[in-house]
Amino acid sequence: MDPRHDLYVMLHVPPAVASVIVHAQRLLNHGYHGPSRPMAPERLHATLVPLGSYAHRIPPHILRVALHAGALLEEAPFRVCFDTLQSRGPRQSPGTVELAGHGAGVQPLYRLRRQVIHALLKAGWPEEWIRPGFYPHITLDYEHDPVCACAFEPLSWDVNEVLLVDSHYGKGDHEVLARWPLRDRQASLFDGGIDPNGCVTIAS
C-alpha cells in the first residue's frame, strides 16, 4: 500500500547544526531506558506551513499551487536561533522533545511564515486550509518521556532557502520537491539575478 504523503513548507537544519543536535540526542538518552524515536539528522527541520495529508500521491493541482506560491516568495536571508530544550505533550506519558526559540532568535520565522501564507493565498490556496497556529521548533524525538525545560547552548545558522517537502509517512523519507532561495530582491534588481520562474528547482 502506498504511504500517506504529508506536504510541508519547511526549513531543513544544515549538516553542521544537525551534528550538534545528534550529540544532544545522545546526551539526552545517556543512561535513559524509556521509549525513544529520535529524528534522523537528515530530516531535522522546522515546519513553516503544513499543506495537508494525501493518500497515494499529492494531487497535481495541489502541487501546482504550492510551486506557484514558492515562486512568489520575497524574503531576504536571515539568521535564526534556537536555545531551549523542552517537551510537549502530556506530562504523564511520552511525547515529543524539541528545541524551541524565543524572542528575537525566531522572530524572522514568523515574518517568513507570513510571507509564505501571503504567497499561498495569492497563488490560489484556500485560506481555510491554512492552520492558524505557529510555534517555531525542531523536533528531536517523537516518543520520549517528558524532560524539564532547560536552556540549551544557542544553535544558530543563516537561513538561505525554503523547501517544499513530501514526507512519506511511516517511511522516514523527506522528498524535496522544490527549493526556493531567499534573496534580497532589491539587490537582485541591480545585479540582474532575478529568475523569471522564482528560482524554483524541482528535485529529480
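**Figure 1. The lining of the largest pocket in this predicted model.** Let's start with the residues around this space: 35 of them line the largest pocket, and Tyr 8, His 45, Thr 47, Thr 139 and Tyr 142 lie nearest its centre. The pocket holds about 840 Å³ of space. Sorted by class, its lining has 12 nonpolar, 13 polar and 10 charged residues. At least two lining residues come from each of β1 (4–12), β2 (45–55), β4, β5, β7 (161–168) and β8 (173–181). The top contributor is β2, which gives 8 residues.

**Figure 2. The second largest pocket, with a volume of about 220 Å³.** Here 15 residues form the lining, and those closest to the centre are Leu 11, His 12, Val 13, Pro 14 and Glu 161. Two or more lining residues come from each of β1, α1 (15–29), β6 and β7. Strand β6 gives the most, with 3 residues. The lining of this second largest pocket has 9 nonpolar, 2 polar and 4 charged residues.

**Figure 3. An open, antiparallel sheet of 4 strands.** Follow the strands across and you will read the order β5-β4-β3-β6. The edges belong to β5 (137–144) and β6 (150–159); each has a single partner strand, so one side of each is left without a neighbour in the sheet. On average, neighbouring strands are turned by 30° against each other, direction ignored. For a closer look at one pairing, β4 (residues 95–100) runs antiparallel to β5 over 5 bridges. Within this part of the view, Val 97 stands opposite Asp 141 in β5.

**Figure 4. A stacked aromatic pair, Phe 82 and Trp 157.** The structure holds 3 aromatic pairs. In the one shown here, the ring centres of Phe 82 and Trp 157 are 5.8 Å apart and the planes meet at 15°, so the pair counts as stacked. Phe 82 sits in strand β3 (residues 78–88) and Trp 157 in strand β6, so you are looking at a link between distant parts of the chain, 75 residues apart. Both Phe 82 and Trp 157 are buried.

**Figure 5. An edge-to-face aromatic pair, Tyr 110 and Phe 134.** The ring centres of Tyr 110 and Phe 134 lie 5.2 Å apart with their planes at 80°, so this pair is edge-to-face. Tyr 110 belongs to helix α3 (residues 107–123) and Phe 134 to the loop between α3 and β5, so the pair ties together parts that are 24 residues apart in sequence.

Methods
Residues are numbered from 1 along each chain as its sequence is written. This is a predicted model: local features need pLDDT of at least 70, side-chain atom pairs count only at pLDDT 80 or more; totals for chains, interfaces and linings use all residues. Side-chain values use heavy atoms; hydrogens and water are left out. Two strands pair if DSSP finds at least two bridges between them. Axes are lines fitted to C-alpha atoms, for helices over the stretch in contact, and angles run from 0 to 180 degrees between N-to-C directions. On a 1 Å grid over the protein atoms alone, a cavity is a set of points where a 1.4 Å probe fits but cannot get out, and a pocket is an open set with protein on both sides within 12 Å along at least five of seven lines; lining residues have an atom within 4 Å of a point. Grid points are joined across faces, edges and corners, and a volume is the space filled by probe spheres set on the points. Ala, Val, Leu, Ile, Met, Phe, Trp, Tyr, Cys and Pro count as nonpolar, Asp, Glu, Lys and Arg as charged, and the others, Gly among them, as polar. Rings of Phe, Tyr and Trp (its six-membered ring) pair if their centres lie within 6.5 Å; planes under 30 degrees apart count as stacked, over 60 as edge-to-face and the rest as tilted. Buried means under 20% relative accessible area, exposed over 50%, partly exposed in between (1.4 Å probe, protein chains only).
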